[in-house]
Amino acid sequence: LVGFMQAHLQRRNMAQSLFDKRYTVYKALSYYLTVVINNDSWTESKTVLTFQGATAYAEFLFGQDVIDFIDRVNSKTLLLRSIQAQIAMHVNAHVEFMRGVENPEKPDIPISVLNEAEADLMKEIMQAEGNVNGVFRDYLRLYEHRTWYQRLEEHLDKKMQERERSQIA
């Protein structure tokens, strides 16, 4: 019983020590998505570098589900950054044309296609912002909602199933 309690306390201590590191990644991702959605100056390198720095070591703290989520957010926002830069080039070309510059340089992709792509990416980024809590929930939960007896029963059931599988094999 003492050994069981010691193992339980060590697991709880480990979860609490990882919480701060995991929460830092969660907070950085949530903040980054909010800035991308609400702010036109999110493409500043400081914002992007802060996000990438805070999530760089996520692979050591989370499972593949969170890592894939962070990678999707990163790729979608970098693609959005590129599209927004091309839209800005279109706007600058129009301003130059209105000033009388002949044949100002503009991107090959029509602005209507760029606007549609930007809207689709923003929709995906907004959905990602709504899914952040669900993706991180299991990693940031400190309190177990099951009683000790329920956890013990599940543990014993798992051990019995493993034993049955080993006897069959």
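Arg72 counts as partly exposed because its relative accessibility is 47%, where buried means under 20% relative accessible area, exposed over 50% and partly exposed in between (1.4 Å probe, protein chains only). Arg72 is found in helix H3; helices (H or I, at least four residues) are DSSP runs, numbered from the N terminus. The structure is a predicted model, in which local features need pLDDT of at least 70 and side-chain atom pairs count only at pLDDT 80 or more, whereas totals for chains, interfaces and linings use all residues. Residues are numbered from 1 along each chain as its sequence is written, and side-chain values use heavy atoms, with hydrogens and water left out.

Gln86 also lies in helix H3. At 19% relative accessibility, Gln86 counts as buried. Contact means heavy atoms within 4.5 Å; with neighbours within four places in sequence left aside, Gln86 is in contact with Pro107, Ile109 and Leu114.

Helix packing was described by axes, which are lines fitted to C-alpha atoms, for helices over the stretch in contact, and by angles that run from 0 to 180 degrees between N-to-C directions. Angles under 35 degrees count as roughly parallel, over 145 as roughly antiparallel, 65 to 115 as roughly perpendicular and the rest as oblique. The axes of H3 and H4 come within 9 Å and cross at roughly 155°, which means that H3 is roughly antiparallel to H4. H3 passes H4 in a left-handed crossing, a term used if the near helix is turned anticlockwise from the far one by less than a right angle. The contact of H3 with H4 comprises 19 nonpolar, six polar and four charged residues. In this division, Ala, Val, Leu, Ile, Met, Phe, Trp, Tyr, Cys and Pro count as nonpolar, Asp, Glu, Lys and Arg as charged, and the others, Gly among them, as polar.

Helix H1 (residues 2-38) and helix H3 (residues 64-99) have axes that come within 12 Å and cross at roughly 25°; H1 and H3 are therefore roughly parallel to each other. Their crossing is left-handed. On the H1 side the contact is made by Val25, Leu29, Tyr32, Leu33 and Val36, and on the H3 side by Phe69, Ile70, Val73, Thr77 and Leu80. Nine of these residues are nonpolar, one is polar and none is charged.

H1 and H2 pack at an angle of about 155°, with their axes 9 Å apart, and are therefore roughly antiparallel to each other. The crossing of H1 and H2 is left-handed. Val25, Ala28, Leu29, Tyr32 and Val35 of H1 meet Thr47, Val48, Phe51, Ala54 and Thr55 of H2. By class, this contact has eight nonpolar, two polar and no charged residues.

A nonpolar core is a set of buried Ala, Val, Leu, Ile, Met, Phe, Trp, Tyr and Cys residues joined through side-chain atoms within 4.5 Å. The largest such core has 31 residues, of which Leu29, Phe62, Ile70, Val73 and Phe136 touch the most other members. H1, helix H2 (45-55), H3 and helix H4 (111-140) are the elements that give two or more residues to this core, and H4 gives the most, with 10 residues. Not counting residues up to four places away in sequence, Val73 touches Leu29, Tyr32, Leu33, Phe51 and Ala128.
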